[in-house]
Amino acid sequence: MQNRLPARTSVLPLVIGLVLVLLGGVGLARMVWDDAINASAGTPSTDRIDRAADRADRATDPRASRCGGVPLSAPRELRGVWITTVENIDWPSRPGLPADQVKQEYLGWLDLAQRRNLNAVFVHVRPSGDALWPSDFAPWSEWITGVRGQGPGFDLMQWMIDETHRRDLEFHAWFNPYRGSQPAPSGAGPDINALAPDHPLRKHPEWAVVYPSVGTTGSRLHFNPGIPEARKFVEDSMLEAVQKYDVDGVHFDDFFYQYPVGKQDYPDDAAYRQYGGGKSKPDWRRENVNLLVKEMGQRIKQLKPWVKFGISPFGIWRNNGTDPAGSPTRGLQSYDDIYADTRKWVREQWLDYIVPQLYWNIGFDVADYAKLVPWWVDVVKDTRVQLYIGQADYRVGQAGPWSDPTELDRQLALNRKYAQVTGSVHFSAKNLRADALGSVSKYAGDFYNTPALPPLMKWLPNKAPAAPALSTAADGDNVKLTWKGQGVSAAVYRVDGGAAKLVATRRGGDGEFTGPKGTYCVTALDRSWNESPPAG
């Protein structure tokens, strides 16, 4: 979610941080603001569920969930990675590659996710008012072919989803709703005429906002969140992907209103005069973002009730020095500075999950990871919204606390102390592969050493399939399992001591698995991961 990973120290000036935010966009905002605040040091509904029960390993009657006389045991947690396309941070490695190489690189990321026992990928499919699919609303993204508006010659989105599902991973389509261009020179910057010919902002220049101003480093185009027609168009453009493709989730990060640049105000006075409705400008801006979040949640469920909707916001809602309900932090506040009322989105349950970007170390005095996790736990408590944590793999190896390869290991250990924390998403794929200081190998060995099923969302359509029909046959020193069933996927368990532990998942109702001799069982799962009784 960042667009580049410059070397930085803990004493970078705030002004440089702001410039990098503009150049990098959403993900880099995470990197920059944690450094900026370090440098300054001085940023309910009736539909409730039992969060502890929701984290429980089993969804079925425990009397039925036994294999070889022992209970089934499977971790239930979301394990994901962000795959960034903008400026070719993760994938493709550069624009204009042959289609076969584009495909091979993507398969490499899926292979990595499987090796690390992840179960979800979050793929950047709308970086800047563009699309990684043949869209009626947006031009093809330049990060694939190197030419704005030119596609690769095949339906990339369909292929990605098919290959992701083939490995039984969830595919979350990651969108930046209001970003219209990337800063020059790699992007069009503030120049509408430099956009692809069919870019919507060329057709509707009245929807465009330039921020920061022309001549400021990082100047770029945005869709104006305060114009209802623009918001509707942006929603429609994203929902097109939900309609056309079998996505498992719709995912936003923290790029709604632009992060502030010095004292420059966002130039939306005309829209405010027309649509402000008597609200203060900050309240009006927050309401614009609230409407996008609320409407998208509603429209996704109307279209495909099983598709999950989640957002990965900046990790601080408000500081408790500003608002008693805020976190014990002293950093940038998403509520005040980028008009994102993240706490409200959770309390109103407009989302299925939230992934706060907690990209600070344990013990950081301005924004302490160990204090922010329980604050977010309290936010989701008594709601149905699931809490995953955005983990800062990109920071490992930086000076200071991040020179300790066990920092992420300790953070994952802290997460597991809270039943409400039901997963993590790692930023980003290239850092997962780089394994700086062996940190990924360390936490994966300690916490991801077996496969895991995604956590249940009981409010989604659910109908656990019947148990599959299973047959077994000796295969040398191994045993081969073959099954037929009606599930979207299947889970394979092997008896190990006092429990039958999850050893693999397979996509599709029918499947096979070969493993060491032993006692095995297989369950069938629907697309929301509700599980059948075991066969075996």
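Biologist: What makes glutamate 163 and arginine 166 a salt bridge?
Modeller: Their closest N and O atoms are 3.1 Å apart. A salt bridge asks for a side-chain nitrogen of Lys or Arg within 4 Å of a carboxyl oxygen of Asp or Glu, so glutamate 163 and arginine 166 qualify. Before we go on, this is a predicted model, where local features need pLDDT of at least 70 and side-chain atom pairs count only at pLDDT 80 or more, while totals for chains, interfaces and linings use all residues. Residues are numbered from 1 along each chain as its sequence is written, and side-chain values use heavy atoms, leaving out hydrogens and water.

Biologist: Where do glutamate 163 and arginine 166 lie?
Modeller: Both are in helix H6 (residues 156–166), three residues apart, about one turn of the helix. Helices here are DSSP runs (H or I, at least four residues), strands are DSSP runs too (E, at least two), and the numbering starts at the N terminus. An α-helix has 3.6 residues a turn, so residues three or four places apart point the same way.

Biologist: Why is glutamate 163 called buried? And what is arginine 166 called?
Modeller: Glutamate 163 has a relative accessible area of 12%. Buried means under 20%, exposed over 50%, and partly exposed in between (1.4 Å probe, protein chains only). Glutamate 163 is therefore buried, whereas arginine 166, with 55%, is exposed.

Biologist: How do you know that the pair of aspartate 236 and arginine 299 links distant parts of the chain?
Modeller: Start with the salt bridge: the side chains of aspartate 236 and arginine 299 meet at 2.6 Å, N to O. Aspartate 236 sits in helix H8 (residues 228–244) and arginine 299 in helix H10 (residues 281–303), 63 residues apart. At 17% relative accessibility aspartate 236 counts as buried, while arginine 299, at 24%, is partly exposed. Salt bridges that share partners join Arg231, Lys232, Glu235, Asp236, Glu295 and Arg299 into one network.

Biologist: How many salt bridges does a search of the whole structure find?
Modeller: It finds 35. One of them joins the side chains of glutamate 77 and arginine 79 at 2.7 Å, N to O. Glutamate 77 is buried, with 7% relative accessible area, and arginine 79 is buried at 1%.

Biologist: What makes helix H14 mostly covered?
Modeller: Seven of the nine residues of H14 (407–415) are buried. They are Glu407, Leu408, Asp409, Gln411, Leu412, Leu414 and Asn415. The cover includes helix H13 (369–380), strand E11 (386–391), strand E12 (421–426) and helix H16 (439–447).

Biologist: What makes strands E1 and E18 edge strands?
Modeller: Their open sheet has five strands in the order E1-E2-E16-E15-E18, with mixed pairing. E1 (66–67) and E18 (520–525) each have a single partner strand, so one side of each is left without a neighbour in the sheet.

Biologist: How do you know that E15 and E18 pair?
Modeller: Two strands pair if DSSP finds at least two bridges between them. E15 (residues 489–496) and E18 have six, in the antiparallel sense. Alanine 491 stands opposite threonine 523 in E18.

Biologist: What lines the second largest cavity?
Modeller: A cavity is a set of points on a 1 Å grid over the protein atoms alone where a 1.4 Å probe fits but cannot get out, and lining residues have an atom within 4 Å of a point. Of the 11 lining residues of the second largest cavity, Glu77, Leu412, Asn415, Arg416 and Ser424 are the closest to its centre. The elements giving two or more residues are strand E3 (78–83), H14 and E12. E12 gives the largest share, three residues.

Biologist: Which residues lie nearest the centre of the largest cavity?
Modeller: Its lining has 15 residues, of which Ser128, Glu142, Arg148, Leu195 and His199 lie nearest the centre.

Definitions and conventions. Contact = heavy atoms within 4.5 Å. 1 Å grid on protein atoms, 1.4 Å probe; cavity = no way out; pocket = protein on both sides within 12 Å on 5 of 7 lines; lining within 4 Å.
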